[in-house]
Amino acid sequence: RLPSARSASHTAFSRAAGTWSFTVTDSKGCTSVATVTVTTATCGPVDPNKCYRLVVRYSGRVAEVINGNTSNGAPLGEKMYDGDPEQIFKFVPDGAGYYTIIPQHATNKVIGVKQCSNSDNKALELQAPTGTDCQKWSLTALGSYFIIKNKQSGRVWDAEGNITQRTQNNANDQQWSIVEVSCPVITFTKTSQPEINSDKEFISELQVKVLPNPSTTDFALVIKSNNTDAPVNVIIRDANGKQLSAHQKVSLNSQVKVGSVKWSNGIYFAEVTQGDQRKVVRLVKAN
């Protein structure tokens, strides 16, 4: 029972779940009793700003995009955890109780059902985001584990080698631990420069150059590719992975201005994608 109160002011109390009575007594000694029932407060099982590994109960292995493939159709399998970005995922809520699941080695892709099928044993795979229900998933607690269910088919993640969708039976190969891990830090390796002949530069793949870098104001991205058909898209993120801006269908061999004088000093990233190719460059904002 909560203490009585002699005024109409509001007081906040922290209590466990249950039914509680609150008594108000006025100056004449008259009382009024209010009874409230408090249910257990719940939060979502995942934070969209954090990263997770998904561990299947029966084997202790984690979900991964096989071989770190970034192509559409790359299958989802299981493997012992070694911290590679293709084994780490973010969950983005759609506001209706479902999530899109984004692998951290290919943040412009999501996990969906092959051919958007409703059938058992259909593979889960890497897909370009379309917003369709076959790319949306719910998380339902089963003890200390979770069932990951597809919005369209109603079938769930099942791990027996490659990961497929199957009718829910709550077996250990359908139960997943969602374990928070550090979001991957993008590293860079120095690559050789493309060959240049006497007439023109030969561009063998998607290339991104930043001018200037470091910068005290903004940055210019110079993007080159021998593929003149596929569109180029650019996403700018801060060091925590938060998206700051997106640039669609960027023209090749032109300068794309990104960044701002208002950015605080630190490290930022530009993710440039064209078809199955992906480049990430680091932007250093300085005084």
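Biologist: What's the mean pLDDT of the chain, and what share of its residues reach 70 or more?
Modeller: This is a predicted model, and the mean pLDDT of the chain is 83, with 84% of residues at 70 or more.

Biologist: Where does pLDDT stay under 50?
Modeller: One such stretch is residues 1-12, which has 20 contacts beyond four places in sequence in the model. Residues 188-203 are also below 50, and that stretch has 14 contacts beyond near neighbours in sequence.

Biologist: And how should the coordinates be read where pLDDT is low?
Modeller: Not in detail, where pLDDT is low.

Biologist: OK, on to I111. Which strand does I111 lie in?
Modeller: I111 belongs to strand β8, residues 110-113.

Biologist: Is I111 buried or exposed?
Modeller: I111 counts as buried because its relative accessible area is 0%, and the cut-off for buried is under 20%.

Biologist: Which residues does I111 touch, not counting those up to four places away in sequence?
Modeller: The list is V65, L76, F89, I101, P103, L124, E125, L126, Q135, W137 and W157. As for C134, 23 residues from I111 along the chain, the two C-alpha atoms are 8.9 Å apart.

Biologist: What about the faces of β8, which residues are on each side?
Modeller: V110 and G112 sit on one side, I111 and V113 on the other. All four are buried, so both faces of β8 are covered.

Biologist: How does β8 pair with β9, parallel or antiparallel?
Modeller: Antiparallel, over four bridges, with β9 spanning residues 122-127. V113 has L124 as its bridge partner in β9, and L124 is also among the residues that I111 touches.

Biologist: Where is S117 found?
Modeller: S117 is in the loop between β8 and β9.

Biologist: Buried or exposed, that S117?
Modeller: Buried, because the relative accessible area of S117 is 12%, against a cut-off of under 20%. Leaving aside neighbours within four places in sequence, S117 contacts K122, Q152, S153 and Q165.

Biologist: Switching topic: what's the strand order in the open sheet of four strands?
Modeller: The order is β18-β17-β20-β21, and the pairing is antiparallel. At the edges are β18 (243-250) and β21 (277-285), each pairing on one side only. From one strand to the next, the twist averages 15°.

Biologist: How many bridges join β17 to β20?
Modeller: Seven, between β17 at residues 232-238 and β20 at residues 266-274, running antiparallel.

Biologist: Which residue in β20 stands opposite N233?
Modeller: That's T273.

Terms used: Residues numbered from 1 in each chain as written. Predicted model: local features only at pLDDT ≥ 70, side-chain atom pairs only at ≥ 80, totals over all residues. Heavy atoms only, no water. pLDDT = per-residue confidence, 0-100. Contact = heavy atoms within 4.5 Å. Helix = DSSP H or I, 4+ residues; strand = E, 2+ residues; numbered from the N terminus. Buried < 20%, exposed > 50% of the residue type's maximum accessible area, 1.4 Å probe, protein only. Pairing = 2+ DSSP bridges. Axes fitted to C-alpha atoms, helices over the stretch in contact; angles between N-to-C directions.
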